[in-house]
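Please look over the model below before reading on. My notes follow as numbered points.

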Amino acid sequence: MMKPKTSSFSTSSSSSSLLIRTKPRFSPYLVITLLAFILFASILYGRDSFFIFQQQLHLSTLSSPTEFTELTELTHPPPPPQQQDLSYSSERSSKEEEKKKEKAAAFAVGETEEECDVFSGRWVRDELSRPLYQEWECPYIQPQLTCQEHGRPEKEYQRWRWQPHACDLPTFNASLMLETLRGKRMLFVGDSLNRGQYVSLVCLLHRLIPEDAKSMETFDSLTVFTAKEYNATIEFYWAPFLLESNSDNAFIHRVSDRIVRKGSINKHGRFWKGADILVFNTYLWWITGSNMKILLGSFNDEAKEIVELSTEEAYRMAMKSMVKWVKQNMNPNKTRVFFTSMSPSHAKSIEWGGKEGGNCYNETTPIDDPTYWGSDSYKSIMQVIGEVFIKSSVPITFLNITQLSNYRKDAHTSIYKKQWNPLTPQQLANPSSYADCIHWCLPGLQDTWNELLFAKLFYP
């Protein structure tokens with residue numbers, strides 16, 4: 001360790017006194033030379049000396065480690081310009097790569113504004129652009145959904161348009177949709193509510209296709225609409241649980257004791273392979289009011305092994321199976337997969353301020369409470385969907401139609417539909433008793449679902 005130098009002023013007090021008292025004699029030339037040296041040194045080093053002094057002064061006044069860190073970052077020079085540009089360029093290219101991947105979603109032609117949530121908004125009355133087609137113009141609507149044909153006295157339910165809060169929905173472009181589907185197969189898979197959305201889409205498109213160039217056929221669980229000039233099909237496949245179940249008959253499926261077979265998605269999934277756009281849904285059939293019965297073996301087993309799961313855990317099982325199937329069978333670079341959230345029902349008018357014992361019957365306006373959420377829409381199921389999808393490595397676009405549909409107590413078929421069984425005098429005396437508050441009139445709400453599908457397909 002170096003020792004401090006000894007000061008000449010500490011040698012002796014007498015010497016010191018002598019030095020102070022003695023009047024030195026200097027040569028004038030020496031004085032001039034010394035002054036010149038001091039002036040030169042102050043010019044050369046003065047600025048740096050001042051900065052060092054100032055920095056030391058500032059350091060002595062710092063009161064926290066944070067301030068010290070900030071100062072250290074400030075006083076250390078930035079990297080050389082070339083190195084800094086490379087770092088920035090790398091970060092920028094990484095972000096651009098992410099955006100490219102997002103834009104690279106199959107069929108995308110643009111993107112939605114970042115701050116725009118198309119599922120958050122309000123219903124506005126629009127007599128100019130609604131409905132998007134007339135009921136009588138579309139021969140493909142099932143009699144369960146033709147409310148005007150079955151006596152509904154007003155059309156108010158047809159005149160509402162969904163308006164997102166922060167943006168506008170892109171206008172549904174039937175020509176773009178058909179051109180995109182040229183040589184392609186689009187498939188809806190699920191229950192009767194997904195079939196309603198499927199029919200709505202066909203109604204939105206079929207007017208651009210000549211009569212002799214389109215057809216619709218049903219083959220057991222599969223219904224196929226063909227646009228011959230486009231070499232395109234839009235199809236619906238009946239699978240209310242997505243997995244194999246005892247409710248899989250497309251025509252006779254009113255089973256009170258529902259059983260779902262675990263790990264059986266390929267029973268139906270083999271018919272979905274080759275689809276370019278897939279739209280799944282499943283919800284209503286899981287809501288039984290009790291635990292779900294899950295078959296561990298085969299329906300052909302004489303002694304069937306059945307366990308019971310809560311609605312949520314049974315639903316989670318189905319969601320995981322669907323995600324796994326999509327991962328194994330769909331190419332995310334060439335295909336798109338959508339999942340439509342639960343379609344709400346309106347069986348208890350007391351929930352929106354109506355009379356006790358009432359339901360959707362005689363309702364002609366939407367609910368205007370933005371916080372309304374009906375008890376028939378299980379939030380626990382929404383949570384399961386979120387938990388499964390967030391862990392998924394495959395891209396599945398979530399069509400969150402639940403909240404916006406919750407407002408539409410007026411849009412159900414109610415009593416204005418084909419009744420498959422004769423109504424009793426008691427039912428006729430109390431229309432609420434047989435009102436269908438599950439399915440939706442067409443044209444109507446489900447056309448909006450397809451506008452949202454259109455937005456997410458082309459502007460993800």
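**Notes on the predicted model**

1. Across the chain the mean pLDDT is 83, and 77% of residues reach 70 or more.

2. Ground rules. This is a predicted model, so local features need pLDDT of at least 70 and side-chain atom pairs count only at pLDDT 80 or more, while totals for chains, interfaces and linings use all residues. Residues are numbered from 1 along each chain as its sequence is written, and side-chain values use heavy atoms, with hydrogens and water left out.

3. Overall content. The chain holds 12 helices and 14 strands; these are DSSP runs numbered from the N terminus, helices being H or I with at least four residues and strands E with at least two. Of its 460 residues, 43% count as buried. Buried means under 20% relative accessible area, with a 1.4 Å probe and protein chains only. Among contacts with a separation of 6 or more, 76% join residues 24 or more positions apart.

4. The H8/H9 pair. The axes of H8 (residues 311-329) and H9 (residues 379-390) come within 10 Å and cross at roughly 35°. Axes are lines fitted to C-alpha atoms over the stretch in contact, and angles run from 0 to 180 degrees between N-to-C directions. The crossing is right-handed: the near helix is turned clockwise from the far one by less than a right angle. Residues meeting here include Tyr-315 and Met-319 in H8, and Val-384 and Ile-385 in H9.

5. Which residues does Ile-385 touch, not counting those up to four places away in sequence? They are Tyr-315, Met-319, Phe-339 and Phe-398. Ile-385 is found in helix H9 and is buried, with a relative accessible area of 2%. Its C-alpha atom is separated by 9.7 Å from that of Glu-312, 73 residues apart along the chain.

6. A loop serine. Ser-264 lies between strand E7 (259-261) and helix H7 (266-269). Ser-264 counts as buried because its relative accessibility is 3%. Its side chain reaches the backbone nitrogen of Glu-244 at 2.9 Å. Leaving aside neighbours within four places in sequence, Ser-264 is in contact with Leu-243 and Glu-244.

Key: Contact = heavy atoms within 4.5 Å. pLDDT = per-residue confidence, 0-100. Buried < 20%, exposed > 50% of the residue type's maximum accessible area, 1.4 Å probe, protein only. Polar contact = N/O pair within 3.5 Å; in protein donor to acceptor, adjacent residues only side chain to side chain.
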